[in-house]
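Biologist: Please show me the sequence with its structure, and then let us go through it together, one question at a time.

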Amino acid sequence: MAERLDPEEMREILSWYQRIVGETVAETGGYVACFMGDGALIYFGYPRSTDHAPRQAVHAALAINTKIKARRADNLKTYGVEVDARVGIHTGLAVIAEMGGGHRQATADVIGETPNIAARL
């Protein structure tokens, strides 16, 4: 899409996409750690661990896909592109901690095998 669209149009699409993702994740009890263009890192069971985190993640994924598909015709008409989403979910333990060691601005990083596998899904 980035090759076919004007940068302003791409920004508009990313903006509504990120809004849909952010609102849906909040509604389902998740936390958007960051957006990376058209990707997002989302935590469930954060900042407090719950037994419902996997179920919440699946509900969020289904709702995001449903909302994006509902806008498909509008995007095709307005921008000439179809927008879709893929979701990777992986469950397991992870640690979210302040990192930096004084060499860079401290940020909350997620550490463990779980986020590494999720990113590849």
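**Hairpin, core and salt bridges**

Modeller: β1 and β2 form a hairpin with 2 residues between them, and Gly37 in the turn has a positive phi of about 65 degrees. This is a predicted model, in which local features need pLDDT of at least 70 and side-chain atom pairs count only at pLDDT 80 or more, while totals for chains, interfaces and linings use all residues. Residues are numbered from 1 along each chain as its sequence is written, and side-chain values use heavy atoms, with hydrogens and water left out.

Biologist: In which sense do strand β1 and strand β2 pair, and over how many bridges?

Modeller: Helices (H or I, at least four residues) and strands (E, at least two) are DSSP runs numbered from the N terminus, and two strands pair if DSSP finds at least two bridges between them. Within this pairing Gly30 stands opposite Phe44 in β2, and the bridge partner of Phe35 in β2 is Ala40. Strand β1 covers residues 30-36 and strand β2 residues 39-44, and their pairing is antiparallel, over 6 bridges.

Biologist: Which peptide bond is cis?

Modeller: Most residues other than glycine have a negative phi, and most peptide bonds are trans. With omega near 5 degrees, the cis bond is the one from Tyr46 to Pro47.

Biologist: Which residues touch the most other members of the largest nonpolar core?

Modeller: A nonpolar core is a set of buried Ala, Val, Leu, Ile, Met, Phe, Trp, Tyr and Cys residues joined through side-chain atoms within 4.5 Å, where buried means under 20% relative accessible area, exposed over 50% and partly exposed in between (1.4 Å probe, protein chains only). Of the 18 residues in the largest such core, those that touch the most other members are Ile13, Trp16 and Ile68.

Biologist: Which element gives the most residues to this core?

Modeller: The elements that give two or more residues to this core are α1 (7-27) and α2 (53-70). With 7 residues, the element that gives the most is α1.

Biologist: With which residues is Ile13 in contact, leaving aside its neighbours within four places in sequence?

Modeller: Contact here means heavy atoms within 4.5 Å. Once the neighbours within four places in sequence are set aside, the contacts of Ile13 are Met1, Leu5, Tyr79, Val81 and Val83.

Biologist: Is Asn65 buried or exposed?

Modeller: Asn65 is found in helix α2, and it touches Ala85 and Val87, not counting residues up to four places away in sequence. Because its relative accessible area is 19%, Asn65 counts as buried.

Biologist: How many salt bridges are there?

Modeller: A salt bridge is a side-chain nitrogen of Lys or Arg within 4 Å of a carboxyl oxygen of Asp or Glu. One of them joins the side chains of Arg11 and Glu8 (3.1 Å, N to O), which both lie in helix α1, 3 residues apart, about one turn of the helix. By this rule the count of salt bridges comes to 3.

Biologist: Why does the pair of Glu27 and Lys67 tie together parts that are apart in sequence, and how many residues apart are they?

Modeller: Glu27 forms a salt bridge with Lys67, the closest N and O atoms being 3.2 Å apart. Because Glu27 lies in helix α1 and Lys67 in helix α2, the pair ties together parts whose separation in sequence is 40 residues.

Biologist: How far apart in space are Arg71 and Asp84?

Modeller: Arg71 is found in the loop between α2 and α3 (72-79), and it touches Trp16 and Ile20, not counting residues up to four places away in sequence. Although Arg71 and Asp84 are 13 residues apart in sequence, their C-alpha to C-alpha distance is 9.5 Å.
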